Amino acid sequence: MTDNHDTETTKPVLPATTTTSGGGEGSATATTGLLPPEHWTQLGRVAIYDEENEEDPGAQDNLSSTASISSSILKYRTIQGRTYHSEVGNASYWGTNDARHNNSLDILHHLFTLVLDGKLFLAPVKNPKKVLDVGTGTGIWAIDFADQYPDATVIGTDISPIQPSWVPSNVRFDIEDCTRDWSFADNDFDFVHIRYLSGCIPDWFEFFRQAYRVISPGGYLESYEGSPNVRSDDDTLPPDSAIAQWGPLFVNGGKLIGRSFSVVDEGLQAKAMAAAGFVDIQTRRIKVPSGPWPADPHQKEIGLFSQHAVESDVEGFILFFTNVQQWSREQVQVYITHLLRELHSKKHHVYHYESVVWGRKPQVDEVPAGISAAPEVA
Ligand SMILES: C[S@@+](CC[C@H](N)C(=O)[O-])C[C@H]1O[C@@H](n2cnc3c(N)ncnc32)[C@H](O)[C@@H]1O
């Protein structure tokens, strides 16, 4: 197995043409690095993946299995036939919440555990008794954690009721908007886990302050996020390729809705943890390949799952942001055909960074490192 933890910084690949938004078709804007959507229709569809934009038949299964949830939470919004979460608090989430996309989330869970060499987390958590998974998605991490730690009570929160009902007895799911005040008591959890919420959080500093409040002294927060910016070290990623455009599409879209996708690239996790008061903050920055190009078998497997997660539902990942950026249905579908063709071509030796950051809430009487204790006064 190859150690792929990498601290080297490589600049994201941006299109070479950087004109302003008034530039000709096919040029990228200087500020966003994003090609105008007409670029794709100008190129035309390529025959690789002829997916029609039908309503996901599997979405009905979710609805019936969560019949006890109040009907307002199930009134999903739709974009081009795909469903999104209903109005809950301040939440604005970019992913679809239908069966097709939930399948991608479960593939991503497998990918993330492969990246962590089979582990569910890296923080030195011992004998956890109460654990919170914020933005739990399909609840797959919470369920696996509950299975591994049968003595722990695990709570997963989300704005979409997409979690299964057959779960271990020590796990439960609550509908809660994590961008509002959390409903949990102070010092309630010995571990809070947060994964893959880039593009969902308006203020990471406030977010981790809330986590700090609910974690008991000595407990841990762990945050696992990925960068959408795709890179290559061997010039196999043309700047105007569909793969290279993935990052700017998300980064620019996140800016437009006030929810950053630059969490990893700006080191926000560690900064927000330190500002909240966490100590012993550790960061593991990991290069994650996409596609089966690495020679190392473990990295090749990671690359396969990374590609598979995207391929399984490209539309569910991008439709919200292409809609925000006013792409037409045709532009979206043509872009998808190019992306899939490039992914299948195996010519692009690409990767992105993922960052796992964890920190400990100090004990009440703990003296911060580097400061000597005051002598006791008799
Ligand atoms: C990309 S998924 C990640 C799911 C899960 N953490 C994982 O790693 O498998 C993001 C999840 O966050 C949820 N989410 C987005 N905004 C939220 C909010 N304001 N409050 C709670 N959950 C939110 C979405 O509904 C979605 O299920």
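I began at Ile243, which, leaving aside residues up to four places away in sequence, touches Val230, Leu237, Leu339, Glu342, His348 and Val350; two residues count as in contact if their C-beta atoms, placed from the backbone, lie within 7 Å. I note that this is a predicted model, in which local features need pLDDT of at least 70 and side-chain atom pairs count only at pLDDT 80 or more, while totals for chains, interfaces and linings use all residues. Residues are numbered from 1 along each chain as its sequence is written.

**Whole protein.** I looked up the secondary structure and found 10 helices and 12 strands, where helices (H or I, at least four residues) and strands (E, at least two) are DSSP runs numbered from the N terminus. Of the 378 residues, 46% are buried; a residue is buried if 20 or more other C-beta atoms lie within 10 Å of its own, exposed if 12 or fewer, and partly exposed in between, with C-beta atoms placed from the backbone. Among contacts with a separation of 6 or more, 71% are between residues 24 or more positions apart.

**Helix 6.** Ile243 belongs to the buried residues of helix 6, whose cover includes helix 9 (314-324), helix 10 (329-345) and strand 12. I read helix 6 (residues 242-256) as largely enclosed by the rest of the structure, because 12 of its 15 residues are buried. After helix 6 comes Gly258, with a positive phi near 70°.

**Strand 12.** Why do I call strand 12 (residues 350-360) largely enclosed? I do so because 11 of its 11 residues are buried. In a regular strand the side chains alternate between the two faces of the sheet. Here Val350, His352, Glu354, Val356, Trp358 and Arg360 are buried on one side, and Tyr351, Tyr353, Ser355, Val357 and Gly359 on the other.

I then followed its pairing (two strands pair if DSSP finds at least two bridges between them). Strand 12 runs antiparallel to strand 9 (residues 215-226) over 7 bridges, to strand 10 (residues 231-232) over 2 bridges, and to strand 11 (residues 279-290) over 10 bridges. Ser355 is the bridge partner of Glu225 and also of Arg285, while Val350 stands opposite Ser232.

**Arg285.** I placed Arg285 in strand 11 and found it partly exposed, because 17 other C-beta atoms lie within 10 Å. Its C-alpha atom is separated by 8.4 Å from that of Val357, 72 residues apart along the chain.

**Helix 5.** The buried residues of helix 5 (residues 204-214) include Phe208 and Ala211, and they pack against strand 5 (130-134), strand 8 (189-195), strand 9 and helix 7 (268-276).

**Confidence.** The pLDDT (the predictor's confidence in each residue, from 0 to 100) averages 84, and 79% of the residues score at least 70. Over residues 6-25, however, the pLDDT is below 50, although this stretch has 38 contacts in the model beyond near neighbours in sequence. For residues 49-70 the pLDDT stays under 50 as well, with 28 contacts beyond four places in sequence.
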